Structures are given as C-alpha cells and as structure tokens.
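Open the model in your viewer and keep the selection tool at hand. The stops below follow one after another.

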Amino acid sequence: MSNTKKADPAAAAELFILRDQVHEPMHDRFLWATMQRRDAQAAAIPEWEELRELASKIKEHTLTHLDHYLEEFEANATKRGAHIHWAIDAAEHNTIVHSILESHGVKELIKSKSMLQEECQMTPFLQNRGIKVIESDLGERIQQLDGQPPSHIVFPSIHKTRRDVAQLFARKIGTDPNNDDPHFLTEVMRNNARPRFLAAGAGMTGGNFAIAETGTFMVCTNEGNADIGASVPPLHIASIGIEKLVPRVEDMGVFLRLLARSAEGEPLTQYSSHFTGPRKGGELHIVLVDNGRSRRLGMPDFWHSLKCIRCGACMNTCPVYRRSGGLAYGATYSGPIGVILDPTFDEFKYSELPFHSTLCGSCTDVCPVKIDISDQIFKWRRVMAKKGYLPLVKRLAFAAAGRAFGHPEEFRLMEEAGGPALGYAPDFLLYNHSLNPWGRDRQLPQPAKKTFREWYLANRSEHGND
Amino acid sequence: METTSSREVILKGIRYSNLFLIKQEAEAPQIPVFQRADTPLKPEFEVHLQKAGGVAHDVSSVAEVETKLAVLHPEAMVICSAVPEIAGTRKVTEVHDPHELADVDVGIVRAQFGVAESGAVWLTQEDLVVDALGFLSQHLIVLLDPNEIVSDMHAAYLRVRLDETAFGCFMMGPSATADVEATLVHGAQGARSLNIFFLPPM
Amino acid sequence: MIFPVSATNGSATQKGLRVGLFIPCYIDMIFPEVGIATLQLLERFGLDVHFPLGQTCCGQPMSNSGDESNAAAAEHLFVENFAPFDYVVGPAGSCVKQVRCHFDAIEQTDDVRHVRQETYELVEFLHDILQVDSFPWAEFQHSVALHNSCSSIRGLGIAKPSEIMGAPFDKSAALLSKVRGLVLVPVDRPDDCCGFGGTFCVTDEAVSARMGLDKVHDHLRHGAEYVVSPDMSCLMHQQGIARRAGLDLKYVHVAQVLNGGPF
C-alpha cells in the first residue's frame, strides 16, 4: 500500500458542481455537443461498426505480438536514421530525455501535447534541472500557466470559461483581463509562442501511432504546434508508449478514420503528420516507454485497455465525467479510461475511481477500439473489494445485507421489523438514516402500506405454498 | 549500455505477459475494400475542405492564381514558393535553415493529392522542401491537380510512400483550436488560412 | 382475452408455461402496484405465473460494489427459487441484467445456466417471447417521456444505444405505441444516464443529483406529463429529485401503463 492520499473523485466533483452555476453546466454542454458531432460523423460512415471491429482486431493482434512489432519498428526507424531509446519507467524516460538535451546543450524546450510525458511528470523533472519547458498546445499552455494538469486528454482546459482564461492571461502575461474573446486569447498565445518556437533548442512531441512496417510515428494536432516544434528546432524527441504500435501502413486508414471522428466529431485533425527518421538537417530521438504497460499486458481482465488510442470519446459520453470535470479524478487520466488505467499505476491511491461511475455502459459502446471499459470498471471494483479498499461504512452494510439476502427468514424478519423497512434492503437504503445522503437533494420514497408479498398472499392464496 | 538492457527487460516483460494471453492471440485482420457510391470526388472534397476552414478555387492558369493571390493577401511582403510555377519573393530552395522562414506571410506549395472524405491534402518533405514552410507561413496557398483526389483514407494510404519521405502530412484546412470555451478559432499556431487552387502541374 | 403469440416462431403456444415472477426487493416494499400490474399483465396471456415466496434480492448491490462473497449467497438463493420455471420474468432491467450478465460469483451449474438464460425483463419478454401486438385493455391519455434504463439499453439490448450505429429500434416504445391515447414525446438526451446507478446515488450524491435534475428538466422541457420506464429504480431517483425541486411530473412503470393500472 502506498502512503499517498487516496483520490476522492466524489468529493472533488461535488466542489465542481457547487462552485457556481456556470462551470459544470458549460462543461456538460460542450462535451455533449462534441458527442452529437461524433454521432453525426459516425452515422455518415456506413462501415463505422466494421471499422471499430477492425481497429480492435488490429490492436489485439499487435498486442499479442508486441515484442515482434517493437523490434520491427526499431529496426526500420534505426535504418532511417532515428535514435531509439527504451525506458522501463517514468524515471528512466525523464533521464534519457534530460541526457539528450544536456548533450546538445539545450536550455529551452518547446513541446506539444503528450499524455505520456504527463504520466512521466517530465516537465517538473526537466525544469528542476534548469531546462525551460514550454507547452505549445493552447489548452496545455493554459493549464501550465495555471499550474494544473490537463483535465481532458483532448481538450486540456475544457473545464475553464473564457473569463477564467482572460484573467489567467492577464495575471501571467499582462493582457486585458476584460477581453475574453476566444479569438483575441488565441492570438495572444500565438504571438507569445512564436518566439519560443524560434528560440527552442529542441522540440518534443508524443506519438499517436507507430508503424512497425516503416519505422514511422504519427502525431495528430489541430494547431500545427507539434509540426512547428518538429520542423524548426534542430532536435526532435518523441516519447511513445510501447502500446502505440500498429503493424502496417494500411492499418492507419482504419485508425485515422476513427480517431478524430470519435475525439471531436471531425473527419481528421487538421494535421496528421508522419515522421520516418529525422528531417533533412535534423536529428530525431524516439523514446519507447513501458512504465507499467508490459505488466498490464499480462492482466487477463485489463490488458484490453492497452488498445486505447486516446481519443477521449469515453470522457465526452460519460455522464459522470461531464458533471465532475477531469481534475476531480486526481490522476493523469480522467473519465472512464482513467478509471481503468490509473489503478494500474497505484491501486490504493486510485481505489475510489472505479466507484465514480454509474456503470451505464456508454463508454464501452462509444469506444472506437471496442475496449470493454464498463466491464473493466466493474472488475476493478472487485479488485478493490478484495484488497479491502471499500469504504468502511459500505463494507459493513453489505456484510449485513449479504447475510440477509442469502437467508429468507432473516430477510422477512428485517422486513417486518422495519415495517416495511426503509432502513434496509434496496441498495441506496443500506445506510443508517442519519448517514444517508439520499435525502439531501431527493425526497424519500414513501413505503407502501402493504408489500407486494402481502398482496400476493391475500389475493393469490391458491399459490400460497410456492 | 543502460538502454540496451532496458530494451531486453521490456521485451522479456512483454513475452512473459503474452504467455497469459496465449488463448487470446489474434490474427491480423484483412482490411476489406469498402463499397463507395459512384459520386464525383471533387465536390465532396470541396464540401469537406470548407467545413475544415479552407477555401477552394477553380482556376485555369498560373496568371489567375497570381491575380487571386494578390487579392487574398494584398499586404503580403514575403511570399515563399516551393512550386516552379510561381516565383513569389523568396524561393524555398534557397532557404538553408527553417528559422529563415519566420517572416513568411504566404507559403505556396503543391500537394500530391487530396482526400474527398475530409478535404485534406497530402504534403511531404519533398513538396515543402523545408518542412517548416507548411507551418511557419502565416497563410498557405496549395496547388492541387483536381484529378488527384482519392475517396477516403484507405485509398490515401495506398498512395502514401512513407518509405520514401522523412515527413508527410495530411493537412486539412488551416490551423485550428477550440481550447477556449470550445469556440472554433483558426490560426492557433500554424497557418491562419489555407486556399486551394485546382491547377494541374505545367 | 387474446393470446397474441406468433404462430411462426416455432412454439405452438406459450399458454400454460410456468413463469416465475421475480419482484425485486424495492418493488416489493415500495412499489407493490408495479408487482401487481406485472402479475396481472402476464396472467392476461394465459401463463401460469408464480411468485416464489423464498426470493429476496438478486445481489446486485453487493456485486456492483465489488463484494463478490456476499453476492454469492444471494445468487445461490435466487437460483434455488427460480430453477423450476420455464421463464423468469421481472419488471426491472437492472436486476435482470444482474442475473443474466453478472451471476458469476457462484459455480455455473446447469440450474444456474438455465436461470441466467431464461430470465427476462418484462418488456423484452412481451416483445420478443410473447410478441404481443396489442393491449386492448389499456388506455393512457397522456404525453409520456420514455426512460429506458442504461441496464435495459446497454445490458439487455431493449433499445439501440445512441453510440452504436445502425437501424434504430426501441422495444419499450414499440409496446407503448400500442396503447390507446398515449403520446410519446421526444427528448434531447433519451439514453443519457439519469444518475441513479445503485449505490452510486448515495456514494456520489452530488453528481447523481445533478444528473437526475438534468433528466427531469429534459422531460419537462418537452411537455411530458408522465415519465414511463421499465426500471422503477431510475424513476424512484428521478421522482425524488422532481418532488424536492417542486416540479410536476408523474412517474409510473411500463407494466402499469400496459396493464391499465393499478396506479
């Protein structure tokens, strides 16, 4: 058991909801609108469900032959002049990146969005060693200026209003706090970032896919920021999770048709860039990162989560995520995919996450690579229960109910004693009244004067011996 | 030394984990050819380009491109061209360092082909000459042969030769962001506008 | 009395088939009228319906909380009570989903497999097994918002989830459309979860209540007088929210509408 504090998504989500009448409704509305666009895009493709099945199969094939495809990727990328590094964990990833930067005398780094670098906590590591790190994606830059991690894997600052951003920029870069026009704010950041791109000694990117057949990796952005970072500074470093592999170039047709449609309801991102070895006059380093992935691959209930292509559709569709905001999860990955990924990094710290779900199943149905997200959330609950991570009050209530539900005579007794007992049976009523949060926003249901059982015994007496 | 051993640790870990998945070992699926309605591709390309924030122009000559260019970007000081048809004010072949492109107002390139289902065009390092031309330019002009449009990404990847170029990009309209209150804004970091001129090569 | 059983589905008649009536504990205690409506409705089709008196709960609360060992006792008892029947029918999607999809805390004997396979939620039993094509005894002169629960949609497949592409279908709507006078109103987010989620509604009270309130407003905005659902648990949550907020919406189970009461 780690000595870190448990993430408490229910409490954090409550703060997000109670904060004001603006943030949570806006967050819900924007992400719901994104889902509507996604649905329209998917509906326009007759073979949509077939594409999902293909993508799932390609990923399953790759993951069950991952050693082979990593070696093929390494050989082909090396042949094209890329330098390949392997990192067992976050610490090794950060050390490798730092040593490359140090050996090239790089003092300033411009980076595009990478959830893997976020997972590795790379930016503080480099900054502590005297390297200036600037996020170039607008949403990530907003979050960096605010000292917060991204709240969504595709829309990092989706929980902020335009007013929040205007005030943040005013504080940090001296703009007019009253001008909250998104066009103005975007322009501010464009002008702020340009000199940083030109001054940077290195550009860093993540990688959305890595193609074994050619040694290529792909980066998708809408802003073109990854492309500037890769094409202007002399040195390009890419951090790529080992699960990002696909075997062949033709597989990309399937994944790119699914990715942006699922993520944002657009046919593609504005830029889908393919890097195969260093560009003319440049130097390219690729860090292949494990950080728990090879171990996850051996978990029969959970290895399918490695199919994830980080589109964020499960977050957009999740009714709980939309009302919580991503920061409530207190983890690198939020939303349904976070609920099943984060515990693989720290079971205790993230033991509450699987309970921050209604198990509605929408995430499973929307996932473009058909990860059984909802079922995995259910299975993680079992893991947490076995480890004794259930909240105490709940554990005691269930132990009592579990006995009663297994013994009809005890059940009847409790039913009669409660007269019909509101203090007991249905799930939400398993708590002592004084502890029961049901009544805060809801009226309690009125128990019936006569149970169905009593009615049945009185009206279907011929069946009384059933 | 360190990385060599990490490589072995990771690959061994994968092989060990894969032992548990042996029953689930999956074959690589064949990607079928999806049937398409036999509709002309250029109008579909134009519709999607417009949705992506780009603008398409039918032209019949290089002179017409230059006339429209002057109307679209009357204040452009630096026009950097990667196409033989148009000289601009700077030839990209004379650029040695990408930083020299920081002041480019308009970049002019020719795409190899377009993709109807998205309005994207395929640009490689060879088309851009210096990759940064496609991203540092304030505005982009793209020449595209109207006969070089494929239907979808499956067809597109049949034409892409990743083994022949260090960089290739499907570019769908200008730079965009919706990171402030989900409001769409063009010109986040890359090109502020993207105009496509349908013109076969000379 | 009519017996609207399809002659083409291979079975000569469903008449006389023994059906075990599964009444989830909260319906037994709080909504007995739903149990009565379900029983009377099934009896209209000539089925031999019994309510096994030894039944308690399907074990879902424990199972959903990851508590496998306590779920097992409830599962054993359920199978013991319902194994003798041809079909088990319950007016609750989430409880039926629990039996069909998650009864795996116990050994999978022949009886367990039989019970899991033959347990139906009421709407799917009427739609798929009995293939009912009319409810001549029922009349409901109201505008109705239909709330299919997540368990019913994504667990049991009684309607097409909005995320999945393909031809739309909705078995609850198909049955309700056969009720004289009933008008179904479209809503903005028909299959967005209402936030009940079993224990979720108390462990995650703030999010649950917000989801519920959004659902209530969606129904009101479209002029619904009644909300009808195959899952009373969702309705109990939504009704609690609506009453606390002082909003005027009535909540009834699909069985009550199809049977013509009791309300």
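Over residues 19–99 of chain C, how much of the chain is helix and how much is strand? The chain there is 57% helix and 12% strand, and the end C-alpha atoms lie 16 Å apart. Helices (H or I, at least four residues) and strands (E, at least two) are DSSP runs, numbered from the N terminus.

This is a predicted model, in which local features need pLDDT of at least 70, side-chain atom pairs count only at pLDDT 80 or more, and totals for chains, interfaces and linings use all residues. Residues are numbered from 1 along each chain as its sequence is written, while chains are lettered from A and ligands numbered from 1 in the order in which they are written.

Next, select residues 144–237 of chain C: the chain is 41% helix and 10% strand there, with its end C-alpha atoms 18 Å apart. An unreviewed UniProt entry lists 19–99 and 144–237 of chain C under "domain: Cysteine-rich"; such annotations may be inferred rather than shown by experiment.

Now select chain A, which has 22 helices and 10 strands. Of its 466 residues, 60% are buried (20 or more other C-beta atoms within 10 Å of the residue's own, with C-beta atoms placed from the backbone).

Go on to helix 18 of chain A, residues 373–386. Its buried residues include A:Ile373, A:Ile377, A:Trp380 and A:Met384. An α-helix has 3.6 residues a turn, so residues three or four places apart point the same way.

Terms used:
A residue is buried if 20 or more other C-beta atoms lie within 10 Å of its own, exposed if 12 or fewer, and partly exposed in between; C-beta atoms are placed from the backbone. The expected span of a helix is 1.5 Å times one less than its number of residues.
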